[in-house]
Amino acid sequence: MSSAPEPPVDVTKDILIVDGAPKGRNQSGRSWKTRPQKRASSLVTKVKLNNLSRTWDEKQDAKRVRKMAKDKELELREEKRQAAILKKERRLENEKRRAENEFRSASRSAQTLNYNDAGVKLKAMNKKQLRQIKKTRMNTKTGVVEYVPAYAK
């Protein structure tokens with residue numbers, strides 16, 4: 001098997017030559033100046049280098065590739081949505097468990113304040129003890145009784 005280099009492909013054979021210059025290119029070489037293509041006769045469509053003239057198979061291949069990319073994108077989007085749903089469920093479970101644990105631990109160490117001597121007890125407490133005061137409240141979302149800070153809204 002000899003690996004002879006392939007001869008360079010002649011690109012100029014597919015380019016139409018009009019008035020001594022390739023059709024679709026500027027004679028001055030200024031590529032940013034576009035030639036107006038208003039008339040159907042002046043459109044450059046028959047050149048193979050031009051992307052406008054593609055075979056049916058090429059069009060179908062491009063369509064198939066686009067469809068595969070779109071399907072993959074939809075699949076990734078659905079995976080992301082499912083992951084977000086699972087994350088939300090897990091977070092809600094953790095919040096519920098945390099609230100239950102907090103209620104259980106707070107109810108063990110809870111003291112009831114009688115309204116008669118509440119003022120005296122509160123006056124005797126220091127700041128740290130005052131911060132630990134909790135009150136019970138019904139959670140509207142879960143319907144569970146929970147301990148909350150005394151001044152929580």
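Let's start at the hairpin of strand 3 and strand 4: six residues sit between the strands, and Gly143 there takes a positive phi near 75°. Before I go on, a word on where this comes from: it's a predicted model, where local features need pLDDT of at least 70 and side-chain atom pairs count only at pLDDT 80 or more, while totals for chains, interfaces and linings use all residues. Residues are numbered from 1 along each chain as its sequence is written, and side-chain values use heavy atoms, with hydrogens and water left out.

When I say helix or strand, I mean DSSP runs numbered from the N terminus, helices being H or I with at least four residues and strands E with at least two. Strands pair if DSSP finds at least two bridges between them. Here strand 3 and strand 4 run antiparallel, and five bridges join them. One of the residues involved is Arg137, whose bridge partner in strand 4 is Glu146.

Now, the loop. Asn139 sits between strand 3 (134–138) and strand 4 (145–149). What does the side chain of Asn139 reach at 3.0 Å? That would be the backbone nitrogen of Lys141. The Asn139 side chain also makes a polar contact of 3.4 Å with the side chain of Glu146. By polar contact I mean a pair of N or O atoms within 3.5 Å; within protein, one must be able to donate a hydrogen and the other to accept it, and residues adjacent in sequence count only if both atoms are side-chain atoms. If you leave aside neighbours within four places in sequence, Asn139 is in contact (heavy atoms within 4.5 Å) with Val144 and Glu146.

So let's stay with Glu146, over in strand 4. Is Glu146 buried or exposed? Buried, because its relative accessible area is 14%, and the cut-offs are under 20% for buried, over 50% for exposed and partly exposed in between, with a 1.4 Å probe and protein chains only. Again leaving aside neighbours within four places, Glu146 is in contact with Ala99, Phe103, Lys135, Thr136, Arg137 and Asn139.

Okay, charges next. Side chains of opposite charge can pair when their charged atoms come close. How many salt bridges does the structure hold? Seven, counting a side-chain nitrogen of Lys or Arg within 4 Å of a carboxyl oxygen of Asp or Glu. I'll show you some of them.

Take Arg64 and Asp61, whose side chains meet in a salt bridge at 2.9 Å, N to O. Both are in helix 1 (residues 56–108), three residues apart, about one turn of the helix. Arg64 is partly exposed at 48% relative accessibility, and Asp61 is partly exposed too, at 37%.

Further along, Glu78 and Arg81 form a salt bridge, with the closest N and O atoms 2.8 Å apart. These two are also in helix 1, three residues apart, so about one helical turn separates Glu78 from Arg81. Glu78 comes out partly exposed at 37%, and Arg81 does as well, at 44%.

Last one: Lys134 with Glu102, a salt bridge where the closest N and O atoms are 3.8 Å apart. This pair links distant parts of the chain, with Lys134 in strand 3 and Glu102 in helix 1, 32 residues apart. Lys134 is partly exposed at 34%, and Glu102 is partly exposed at 35%.

That's me done, thanks everyone.
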